[in-house]
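Please look over the structure shown below.

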Amino acid sequence: MAAETAQNLEALAMQAQTLMSVFTKAGYDAVAPSIIQPADVFLDVIGESLRARTYVFTDQDGAELCLRPDITVPTCRLHLERHADPATPARYCYNGPAFRYQPQGATASHPREFRQAGIERFGDKSREAAEAETVAIVIKAIEKVGLKDWTLRLGDLGLFSSVLDAADVSPNWKKRLDDAFLKPQSFREALKAFATGARVASQSIPEDLLASLRRDDLEKSEAAVAVYLEENAIELLGTRTLSDITEHLIVIAEDRQEKPLDAAAIELIARYVEVSGPATTAGDKIASLLKGAANGAGMALETYDRRLALLANAGIDLERVTFSAEFGRTLAYYSGLVFEVNSASLDAKSPLANGGRYDGLMRSAGAQVEVPAVGAAIHSERLLAATLKRAP
């Protein structure tokens, strides 16, 4: 955290008090999840991108721990500790520090240590209503501290998934496109490879090793990979496990059996990710693209329209809302709606707040089933800077 003046600390404290007041009045239970988290649980669920930016350390008892890079996962763990049934409906709010390594260097907008004020809600059966309420409360909190010039950008990973289904993309290639969604270059390269049926570059991987890997016998496959690594004196480095590497190699092996995507499917996907503009018209553009597609995306489009109507009913000015099909995920655990709130006072890479749906996260954190979940976090230092119209 940058050196702060007493005046700035006081302003942040007052802002936090206002934000938390909005959240608690809306029925959210104030909680304070631990800053230090068990690394194994945490690192398994946050995805490769954020995993590489997490500060991990080992204490004197040998326990591998980390400084929380966000507060959503700790809140999921807190919920699991409180409720034997993870699907028990609950709403939580929090305010506190989080920590992330900044690969481009720490800046005022992207510090290593920063504050988040946020909300998480679990177990809601009315999915779109919960999403709309989450967005509306975040906007209300931001306005309550005095910032009025916000804009809202939406993305929809569920809709993207439906488009891939409409294009008849296989499960393996669908996962690869889904994983590459955050990285435009990787996404384009994957799509190009699927169009030609090109094999994944793997000249250094022996054919006999790939031929021995089977998804329906992971134990045997892991053993084969372990033998290969040992015979070639290749050590496991970083955060990738033997299971991670085996899964990756299995996907490569399976890719070799895939047929190229046809031109119509490639065009549909490419044109979908180019959809961007006012949220009120984006749905019609997508519907036009999908017209005539064998597997359609009717339910996903109905969800899109219903969500917009609920946002309008919650008081959100839809003229200030845009949709971007390529706006996917800022964190790997998001699985449906994603959104970010921006201010003209800050650059586009420094949103005031972001959030979304993450139904699979609770299961990754220890639950036996997926639990409907949606939440959002406000970046406190950026909000204060935008409110005061100064650099964070």
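**Briefing: helix packing and selected residues**

Helix α16 (residues 380–388) is largely enclosed by the rest of the structure, because seven of its nine residues are buried. Buried means under 20% relative accessible area, exposed means over 50%, and partly exposed lies in between (1.4 Å probe, protein chains only). This is a predicted model, in which local features need pLDDT of at least 70 and side-chain atom pairs count only at pLDDT 80 or more, while totals for chains, interfaces and linings use all residues. Residues are numbered from 1 along each chain as its sequence is written, and side-chain values use heavy atoms, with hydrogens and water left out. Helices (H or I, at least four residues) and strands (E, at least two) are DSSP runs, numbered from the N terminus.

**Helix α16**

- The buried residues of α16 are S380, E381, R382, L383, L384, A385 and A386.
- These buried residues pack against α1 (6–25), β5 (90–99), β6 (113–122), α5, β10 (337–343) and β12 (373–379); contact means heavy atoms within 4.5 Å.
- K389 follows α16 and has a positive phi, near 55°.

**Helix pairs**

- Axes are lines fitted to C-alpha atoms, for helices over the stretch in contact, and angles between N-to-C directions run from 0 to 180 degrees.
- Angles under 35 degrees count as roughly parallel, over 145 as roughly antiparallel, 65 to 115 as roughly perpendicular, and the rest as oblique.
- A crossing is left-handed if the near helix is turned anticlockwise from the far one by less than a right angle, and right-handed if clockwise.
- For residue classes, Ala, Val, Leu, Ile, Met, Phe, Trp, Tyr, Cys and Pro count as nonpolar, Asp, Glu, Lys and Arg as charged, and the others, Gly among them, as polar.

*α5 with α14*

- Helix α5 (residues 127–144) packs on helix α14 (residues 298–313) at an angle of about 40°, and their axes are 9 Å apart.
- α5 and α14 are therefore oblique to each other, and their crossing is right-handed.
- On the α5 side the contact involves E128, A129, E131, A132 and V135, which meet T303, R306, R307, L310 and L311 in α14.
- The residues of this contact between α5 and α14 comprise five nonpolar, one polar and four charged.

*α6 with α7*

- Helix α6 (residues 157–166) and helix α7 (residues 171–180) cross at roughly 145°, and their axes come within 11 Å.
- The crossing of α6 with α7 is right-handed.
- F160, S161, L164 and D165 of α6 make the contact with K174, L177 and D178 of α7.
- Three nonpolar, one polar and three charged residues take part in the contact of α6 with α7.

*α8 with α12*

- The axes of helix α8 (residues 184–196) and helix α12 (residues 263–273) are 11 Å apart, with a packing angle of about 165°.
- α8 and α12 are therefore roughly antiparallel to each other, and α8 passes α12 in a left-handed crossing.
- F187, L191 and A195 of α8 contact I266, I269, A270 and V273 of α12.
- The contact of α8 with α12 has seven nonpolar residues, with no polar and no charged ones.

**Cysteines**

- A disulfide is a covalent bond between the sulfur atoms of two cysteines.
- Here a disulfide is counted as a pair of cysteine sulfur atoms within 2.5 Å, and the count by this rule is zero.
- The closest cysteine sulfur to that of C66 is in C76, 14 Å away, which is too far for a bond.
- C66 is buried, with a relative accessible area of 0%, and C76 is also buried at 0%.

**Selected residues**

- H79 is found in helix α4 (residues 72–82) and counts as buried at 0% relative accessibility.
- Not counting residues up to four places away in sequence, H79 touches P86, T88, A90, Y92, F122 and M362.
- R320 is in the loop between α14 and β9 (321–324) and is partly exposed, with a relative accessible area of 24%.
- R320 and R153 are 167 residues apart in sequence but 8.5 Å apart in space, C-alpha to C-alpha.
- Leaving aside neighbours within four places in sequence, R320 contacts K148, D149, W150, T151 and L152.

**Positive phi in loops**

- D168, in the loop between α6 and α7, is a residue other than glycine with a positive phi near 60°.
- D168 counts as exposed at 60% relative accessibility.
- A233 lies in the loop between α10 (218–231) and α11 (242–255), and its phi is positive, about 55°, although A233 is not a glycine.
- A233 is exposed, with a relative accessible area of 67%.
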